[in-house]
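Please walk through the model below with attention to how its parts meet.

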Number of protein chains: 2
Amino acid sequence: MSQLEAVLAHLDANADAAEERLFTFLRMESISTDPAYKAECRKAADWAAADLAAIGFDASVRDTTGHPMVVAHSGGDGPKFLFYGHYDVQPVDPLDLWTAPPFEPVIADGPQGPEIRARGAADDKGQLMTFVEACRAWKAVTGSLPVNVTIFLEGEEESGSPSLIPFLKENAEELKSELALVCDTGMWDAETPAISTMLRGGVAEEVVIHAADRDLHSGMYGGPAMNPIRVLTKALGALHDDTGRVTLAGFYDGVHEIGDNMKADWEALGFSHTDFLGEVGLAEPAGEQGYSALEQIWSRPTCEFTGITGGYTGEGFKTVLPAEARAKISCRLVGDQDPDAIRASLRAHVESFLPADCTAEWISHGGSKAISMPTDGPRFLRARQALSDEWPKDAVFAGCGGGIPVVGHFQSILGMQSMLIGFGLNDDRIHSPNEKYSRASFHKGARSWARVLATLAEA
Amino acid sequence: MSQLEAVLAHLDANADAAEERLFTFLRMESISTDPAYKAECRKAADWAAADLAAIGFDASVRDTTGHPMVVAHSGGDGPKFLFYGHYDVQPVDPLDLWTAPPFEPVIADGPQGPEIRARGAADDKGQLMTFVEACRAWKAVTGSLPVNVTIFLEGEEESGSPSLIPFLKENAEELKSELALVCDTGMWDAETPAISTMLRGGVAEEVVIHAADRDLHSGMYGGPAMNPIRVLTKALGALHDDTGRVTLAGFYDGVHEIGDNMKADWEALGFSHTDFLGEVGLAEPAGEQGYSALEQIWSRPTCEFTGITGGYTGEGFKTVLPAEARAKISCRLVGDQDPDAIRASLRAHVESFLPADCTAEWISHGGSKAISMPTDGPRFLRARQALSDEWPKDAVFAGCGGGIPVVGHFQSILGMQSMLIGFGLNDDRIHSPNEKYSRASFHKGARSWARVLATLAEA
């Protein structure tokens with residue numbers, strides 16, 4: 001039996017213990033965007049560091065002005081690889097749509113087999129623990145890892161990563177590696193693993209339209225008093241034309257059409273928008289006309305509204321003219337789109353709709369450029385083969401609709417490329433009620449990383 | 001000393017006790033729109049009935065399918081007059097803007113003298129108690145009222161009055177009177193009392209745009225999945241043109257220009273939109289161009305958004321595409337506008353914006369036509385004189401921006417006109433944090449009703 005085979009056998013034999021560790025981690029309510037959960041975030045960081053120390057890493061919890069970072073070094077010779085994951089999770093509202101409490105993980109029967117249900121099961125605690133379990137198994141079987149590894153876990157990924165850039169700059173020497181390994185993406189389908197090679201960037205903005213200095217009665221003031229919801233809906237309602245294109249000035253600057261080769265590869269994947277959308281109760285691609293749904297996700301930019309609120313939103317009716325109205329706007333970027341230019345254009349657009357008596361207040365929730373990975377190097381090709389060895393179908397190089405801003409920061413601050421391997425599935429309901437991670441993703445994900453670690457040791 | 005003078009002196013001598021009774025009433029958290037406050041609504045109804053029984057009314061609390069009604073008869077000979085008020089109040093959010101708890105009434109120094117601060121102080125507990133205190137004083141001094149009075153208090157005025165129409169129909173004989181007296185309107189200013197002679201009607205609608213069957217990740221689905229906030233903002237953003245006119249088909253059918261006489265009377269009032277809007281931090285009339293701010297409030301219809309919500313509205317940012325988005329829309333109607341036609345037009349407008357994969361769900365929160373009162377009868381002229389006798393300046397016949405749907409129901413169901421006399425001021429912050437009622441409004445309001453009751457006894 002080769003060393004790798006022994007490591008894989010060890011993972012199989014110890015799968016229950018690995019699942020128990022993940023459940024402990026999932027019980028921590030590490031919602032980073034809500035200050036009420038600050039102590040729970042700290043608890044999750046402490047737990048992760050202690051778990052890594054237990055398998056021999058030199059692990060520490062590092063304070064920031066927000067939630068702490070975890071950094072853990074395996075030590076050893078040769079080129080170093082930096083693994084990145086995040087221990088924070090999304091908020092859980094609307095809570096009444098969860099079939100079980102979000103922080104009490106359970107195994108449930110899913111349409112594709114057993115699944116682990118909890119907030120963070122897929123995004124990202126379950127994913128990051130696939131890598132930790134692979135390391136644990138290599139250490140248990142051989143006493144060391146095939147390569148020198150630093151594990152770096154963030155606690156602010158779901159809240160705009162305010163501490164990330166300063167931390168990377170201050171600890172550049174310690175973190176700089178041959179290649180970053182990131183486990184926060186998905187498979188092509190439940191049988192087909194993927195390395196994500198294109199990532200959309202993003203701009204996240206929040207705007208508050210202010211009008212009167214207090215809420216007003218709509219009977220007494222309705223008419224002469226400007227209503228901030230009227231201003232907000234008019235400005236946001238003009239952001240898309242009837243073909244789904246974004247109307248912002250300069251929005252498509254730097255957006256490139258994908259090449260014919262890639263287009264052919266993507267068409268060969270046999271993606272069915274009917275299946276993809278049908279799974280969530282939709283039927284028609286709503287993005288730009290003239291692009292397939294897969295192109296809309298992987299290679300076209302978007303401007304979406306992720307939240308809006310103003311006035312009375314409770315049960316019943318209240319005849320109020322609100323003092324303010326608020327929206328959260330998330331643009332996804334591709335190619336060479338410039339986040340700063342898009343942000344400026346969005347602000348100018350909304351401000352062009354401001355009448356007398358209204359002002360716009362802006363809160364930035366971060367931004368990043370889109371990224372393309374170099375997929376022709378031997379490490380990417382060997383990793384692809386390692387994944388193909390583990391799963392029923394061969395691995396693919398895929399796009400990715402979501403952005404992973406840290407990949408851009410690794411590139412710009414540490415001069416380091418990233419390899420994105422993850423085991424999420426489209427129906428994992430990340431950011432939604434009843435988030436889950438397939439038990440197969442968790443177990444075969446750990447086996448996959450055990451294989452990839454072996455390939456990284458090759459010259 | 002005449003009987004009336006003795007009654008007025010009694011009110012002056014017993015003002016503190018009257019204020020204590022009002023404070024007791026204000027401590028009851030009778031928020032009708034929120035089911036959590038059902039027992040508090042019942043408590044307020046019970047208290048009001050007991051208070052009326054204590055001064056000799058035959059008072060009862062009548063169950064409905066919602067909150068109960070209070071009906072109390074003074075008995076006595078001659079024509080009967082029906083007094084209407086409501087014991088329910090608006091919700092109190094945002095709670096953090098209150099300087100004192102909303103249900104712990106206090107006397108505070110206001111710019112125009114002492115004021116009673118609490119939710120419901122002006123709308124409508126303080127107002128309705130002016131009438132009750134006038135009755136109490138007449139009974140205390142003379143043993144009876146100048147006229148036969150039935151007091152009718154509703155507990156669902158702030159939540160669409162679902163029980164009102166059935167109750168009026170079932171109890172028509174008991175409630176039908178010569179004239180209804182309604183205390184839910186305002187003075188022209190702190191020195192000038194008013195009888196409101198035009199009331200805007202209303203249509204209140206809530207729409208929910210449904211898209212996917214769950215919340216989605218904006219990275220994974222952004223582009224091909226239709227975003228209900230995009231649909232909602234586009235539909236609502238098209239409801240007003242750049243001159244402030246409402247674009248709904250047929251919206252202005254039945255809207256009449258006011259006559260030159262009334263226009264001249266209104267201009268003579270010396271209304272300053274700079275002062276009116278300046279008080280709440282605004283400057284420019286936002287309604288239809290070509291109409292004064294007073295015309296915009298009193299004689300022009302509006303379409304306002306009183307609430308909007310969708311997606312993640314908490315602190316921070318969440319990359320979610322929501323499954324639904326919701327808005328509450330309040331139209332104010334004038335002249336002969338037909339609430340049913342406006343409702344149908346609004347629904348058709350929004351539905352014309354629905355793309356594939358979206359549906360609109362509608363919740364009606366009631367509707368009513370606008371009302372004009374006959375102001376040339378002797379009762380209106382004598383009441384105007386009685387008010388002029390009490391206050392520093394002569395009373396005026398005024399318009400009113402808010403609607404009081406019960407006035408329309410009194411007309412259509414009971415064939416009964418209404419006389420609207422109230423003592424609210426523009427800065428009472430009704431429906432807003434720190435609602436107040438001037439102590440002068442409360443005390444001189446009771447004195448005013450004592451005088452009006454005397455005039456109603458005249459042939």
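A:E267 counts as exposed because its relative accessibility is 60%, where exposed means over 50% relative accessible area, buried under 20% and partly exposed in between, computed with a 1.4 Å probe on protein chains only. A:E267 belongs to helix α9 of chain A, which covers residues 260-268; helices (H or I, at least four residues) and strands (E, at least two) are DSSP runs numbered from the N terminus. Between the C-alpha atoms of A:E267 and A:G401, which stand 134 residues apart along the chain, the separation is 16 Å.

The model is predicted, so that local features need pLDDT of at least 70 and side-chain atom pairs count only at pLDDT 80 or more, whereas totals for chains, interfaces and linings use all residues. Residues are numbered from 1 along each chain as its sequence is written, chains are lettered from A and ligands numbered from 1 in the order in which they are written, and side-chain values use heavy atoms, with hydrogens and water left out.

A pair of aromatic rings is described by the distance of the centres and the angle of the planes. Here rings of Phe, Tyr and Trp (its six-membered ring) pair if their centres lie within 6.5 Å, and planes under 30 degrees apart count as stacked, over 60 as edge-to-face and the rest as tilted. Over all chains, the structure holds 30 aromatic pairs. One of them is stacked, formed by A:F25 and A:W47 with 4.7 Å from centre to centre and 25° between the planes. Because A:F25 lies in helix α2 (residues 15-26) of chain A and A:W47 in helix α3 (residues 38-54) of chain A, this pair ties together parts that are 22 residues apart in sequence. From C-alpha to C-alpha, A:W47 and A:F25 are 7.4 Å apart in space. A:F25 is buried, with a relative accessible area of 0%, and A:W47 is buried too, with a value of 17%.

An edge-to-face pair is found in chain B, where the rings of B:W266 and B:W298 have their centres 4.9 Å apart and their planes at 75°. B:W266 lies in helix α9 (residues 260-268) of chain B and B:W298 in helix α11 (residues 293-298) of chain B, so this pair ties together parts that are 32 residues apart in sequence. B:W266 counts as buried at 6% relative accessibility, and B:W298 is buried with a relative accessible area of 8%.

Which residues does A:W47 touch, leaving aside those up to four places away in sequence? They are A:R21, A:T24, A:F25, A:M28 and A:M129, where contact means heavy atoms within 4.5 Å.

Ring pairs also link A:W188, A:W266, A:F271, A:F276, A:W298 and B:Y221 into a cluster. A charge sits over a ring if NZ of Lys or CZ of Arg is within 6 Å of the ring centre and within 35 degrees of the ring normal. In chain A, the charged end of A:R245 sits over the ring of A:Y252 at 3.9 Å from its centre, and in chain B, B:R245 lies over the face of B:Y252, at 3.9 Å from the ring centre.

Most residues other than glycine have a negative phi, and most peptide bonds are trans. A cis peptide bond, with omega about 10°, joins A:D123 and A:D124, and A:D124 is placed in the loop between β5 (113-117) and α4 (125-142) of chain A. In chain B, a cis peptide bond joins B:D123 and B:D124, again with omega about 10°. A:D357, in the loop between α12 (339-351) and β15 (359-368) of chain A, has a positive phi of about 80° although it is not a glycine. A:R429, in the loop between β18 (418-422) and β19 (436-438) of chain A, has a positive phi near 55° and is likewise a residue other than glycine.

The contact takes 84 residues from chain B and 84 residues from chain A. Because 100% of the interface residues of chain B are also interface residues in chain A, the copies meet through the same surface. Chain B and chain A bury about 7800 Å² between them, 56% of it on carbon and sulfur atoms, where buried area is the accessible area (1.4 Å probe) that two parts lose on being put together, summed over both. Between chain B and chain A the count of salt bridges is zero, a salt bridge being a side-chain nitrogen of Lys or Arg within 4 Å of a carboxyl oxygen of Asp or Glu.
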